[in-house]
Amino acid sequence: MKAVAVYPRKQGPVHLREVKKPIPTNGEVIIRALEVGVCGTDREIVNGLYGDAPYGSDFLILGHESLGIAESDGVDVKKGDMVVATVRRPCPEHCLNCTRGEIDMCLTGNYREKGIKGLHGFMTEYYTEDPKYLVRVPHDLRHVAILLEPLSVVEKVIEQIFKIQKRLAWEPRTALVLGAGPIGLLSTFVLRDIGIATYTFARSPSGRLNDRLLEESGAHYLSATDTPLSYIPSKVGQIDLIVEATGSASLPFEAIGVLGINGIIALTGIAGQGRILEIDTSCINLKIVLENKLVFGSVNANKSHFETGVRRLKSIEERWPGVLRNMITRRVPIQRSQEALEKGDSDMKVVIEV
Ligand SMILES: [Zn+2]
């Protein structure tokens with residue numbers, strides 16, 4: 001069977017290789033792949049910046065955003081079920097968090113990740129999986145279910161924000177999302193779904209696909225070409241929470257200044273290495289202390305966030321039909337996977353069809 005692979009830590013391109021069809025063991029389920037989503041992490045791996053092959057292998061099968069059909073039965077999974085697999089697997093040390101199913105919070109950093117770190121991914125025709133890492137998705141969500149993995153990352157962020165803010169009496173009314181890529185857009189939809197007035201700020205001028213989609217959910221697009229970040233509070237009032245999804249090195253620090261009193265900022269983007277900023281840290285210190293502000297980071301997600309995400313996909317589909325489907329701007333057959341990994345200007349989410 002075919003698989004899309006790279007030689008980790010070497011610059012691409014990806015190659016299509018023949019690998020043996022896996023045989024399920026120890027209660028595993030065999031899954032026939034339908035689609036695999038492509039994200040920035042995959043592109044970083046192809047560029048040789050990131051990624052580790054499984055022990056004893058010189059190649060890594062890519063892909064961590066999965067969607068497939070179970071072709072055998074397992075605990076809580078039946079043949080014919082549509083399933084999405086979670087990404088992380090526990091560390092060998094069995095740390096406190098991995099043991100409790102919070103692999104996204106692994107204490108040792110020795111967790112493994114499908115298609116990223118030490119384990120082959122899902123860009124292949126068949127894979128096997130322990131059913132405890134599978135989330136069933138209703139068949140009527142087939143056309144948008146490939147978004148479940150990135151959505152799980154957003155569900156974790158929003159859950160964390162509300163858990164952390166139990167530190168005070170807090171009734172958030174206004175949110176700012178920084179970035180209008182897939183994570184920015186999905187964050188916007190989730191915030192709108194829970195009834196928060198949401199403004200999404202990004203570099204692109206107005207009128208592109210992403211701001212049309214988010215405005216369908218009742219959010220407002222703010223382009224950096226018309227509205228500098230520092231002007232936003234004068235336009236929208238007190239900002240209670242910010243989700244940063246840009247990967248900018250400077251924007252998170254600027255955002256502390258525009259966040260309202262008692263507010264919280266979640267950082268999800270990763271800035272490129274070696275960016276040196278000249279900033280007035282005393283001003284940031286003052287803003288955080290005197291206004292009870294909180295900045296935290298969030299990565300990955302655990303199974304509960306995937307399960308919340310399934311309910312969210314359904315809710316977004318019902319409320320704003322088409323916004324999720326239209327996020328998928330390109331579908332590429334597995335034979336031409338290298339094309340999928342080259343980002344086009346108008347790409348939002350690119351999906352490889354297996
Ligand atoms: Zn761990």
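Which residue in strand 4 is the bridge partner of Ala 5? Before I answer, two remarks on the model. It is a predicted model, in which local features need pLDDT of at least 70 and side-chain atom pairs count only at pLDDT 80 or more, while totals for chains, interfaces and linings use all residues. Residues are numbered from 1 along each chain as its sequence is written.

The partner of Ala 5 is Ile 61. Helices (H or I, at least four residues) and strands (E, at least two) are DSSP runs, numbered from the N terminus. Strand 1, residues 2–6, is joined to strand 4 by two bridges, and these strands run antiparallel. Two strands pair if DSSP finds at least two bridges between them. Three strands form an open antiparallel sheet in the order 2-1-4. Strand 2 (15–18) and strand 4 (60–61) each have a single partner strand, so one side of each lacks a neighbour in the sheet.

I turn now to the helices. The expected span of a helix is 1.5 Å times one less than its number of residues. For helix 3, residues 148–164, that gives 24 Å for 17 residues, and the end C-alpha atoms are 24 Å apart.

Helix 4, residues 182–193, reaches 16 Å, close to the 16 Å expected. Gly 195, with a positive phi near 90 degrees, follows helix 4.
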